[in-house]
Amino acid sequence: MSDPLILALPSKGRLKDQTAAWLADSGLELRLGGGARGYSASLASLDGLEARLISAADIALALKSGEAHLGVTGADLLGETGGAEPLLALAFGRADLVVAAPRSWIDVETMADVADVAHDVLARTGRRLRVATKYTTQTRAFFASHGIADYRIVESSGATEGAPAAGTAELVVDITTTGATLAANGLRALADGVILKSQAHLAASLTAPWTAAHLACARRLLAGLEARARGHAATQLAWFADQARAVETVLKRFEHRPLASGALIARADVRTITEALAAAGVGPVAASHPTYVFDSACVAADRLEALVKR
């Protein structure tokens, strides 16, 4: 028996629940091994795959080391760790990676203001402005993009937002969803201090041992996920067969191609297109939402294979 494709999934918290719900919505029920607290699992109707439940931060590391082929984790962690390529954005687990300053710094609202403060602190004290963060790679790149060099990073292993109050740093770079935790610690995000608007991604390891069997299993998984995403975004229209010519004329204006018994359109376009069909005398027109919309191509799987071959 060949080694299975390893899919790393979040083991706890809201991200775990959201990931399980996303898979279930795509027809892939997560079946835990060893009961509710088990750390291995399988996906219903998908052979050749083993799911492992670990922390979101460890998922990024597992992808970088090649211990997992695919994984679901935040873009913030993927960007910090490296070694993996996002394949699908999942529209949950949203958060921002931001630069935050004490609210008492009333004259510091932008990164340009930070540059001025950093230069002033160095000139007056001979010390560099301290920035507490777990996200050292992305912080350095962001500060460099704003031409700021008069600072030093204080690597944080605990609650980063508490660093200014504890006297260990002046600024923080941290992840936030609502800003409530920053506010509770007397901090606010800078106006132009958003480093990354993060969300959960399904990402692929660039270092894992990808075999033909692994790629085939990944394609089955990704094709189903893409088909469900298309289903969410589409509406299917249907009409009587004797109205086909009038329908084709209308749909050409919207750059849609009719199917043999209907047409797939974006849900956002339903009202506009059905009104145009009604104006052309087409009716009644039935609208329904498909569960899946499969295509001959799978964009994510094609991209994965190109990455592996590269």
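Predicted model: local features only at pLDDT ≥ 70, side-chain atom pairs only at ≥ 80, totals over all residues.
Residues are numbered from 1 along each chain as its sequence is written. Local features need pLDDT of at least 70, side-chain atom pairs count only at pLDDT 80 or more, and totals for chains, interfaces and linings use all residues, while side-chain values use heavy atoms, with hydrogens and water left out.

**Helix pairs**

Two packed helices are described by the angle between their axes and the distance between the axes. Helices are DSSP runs of H or I, at least four residues, and strands are runs of E, at least two, numbered from the N terminus. Axes are lines fitted to C-alpha atoms, for helices over the stretch in contact, and angles run from 0 to 180 degrees between N-to-C directions.

| Pair | Residues | Angle | Axes |
|---|---|---|---|
| α9 and α10 | 244–253 and 270–279 | roughly 140° | within 10 Å |
| α8 and α11 | 212–233 and 299–309 | about 150° | 8 Å apart |

Angles under 35 degrees count as roughly parallel, over 145 as roughly antiparallel, 65 to 115 as roughly perpendicular and the rest as oblique. Helices α9 and α10 are therefore oblique to each other, whereas α8 and α11 are roughly antiparallel. Contact (heavy atoms within 4.5 Å) between α8 and α11 involves residues including L215 and R219 of α8 and V299 and D302 of α11.

**Residue S156**

S156 lies in the loop between β9 (151–155) and α6 (163–166). With 18% relative accessibility, S156 counts as buried, a term for under 20% relative accessible area (1.4 Å probe, protein chains only), with exposed over 50% and partly exposed in between. Not counting residues up to four places away in sequence, S156 touches T133 and K134.
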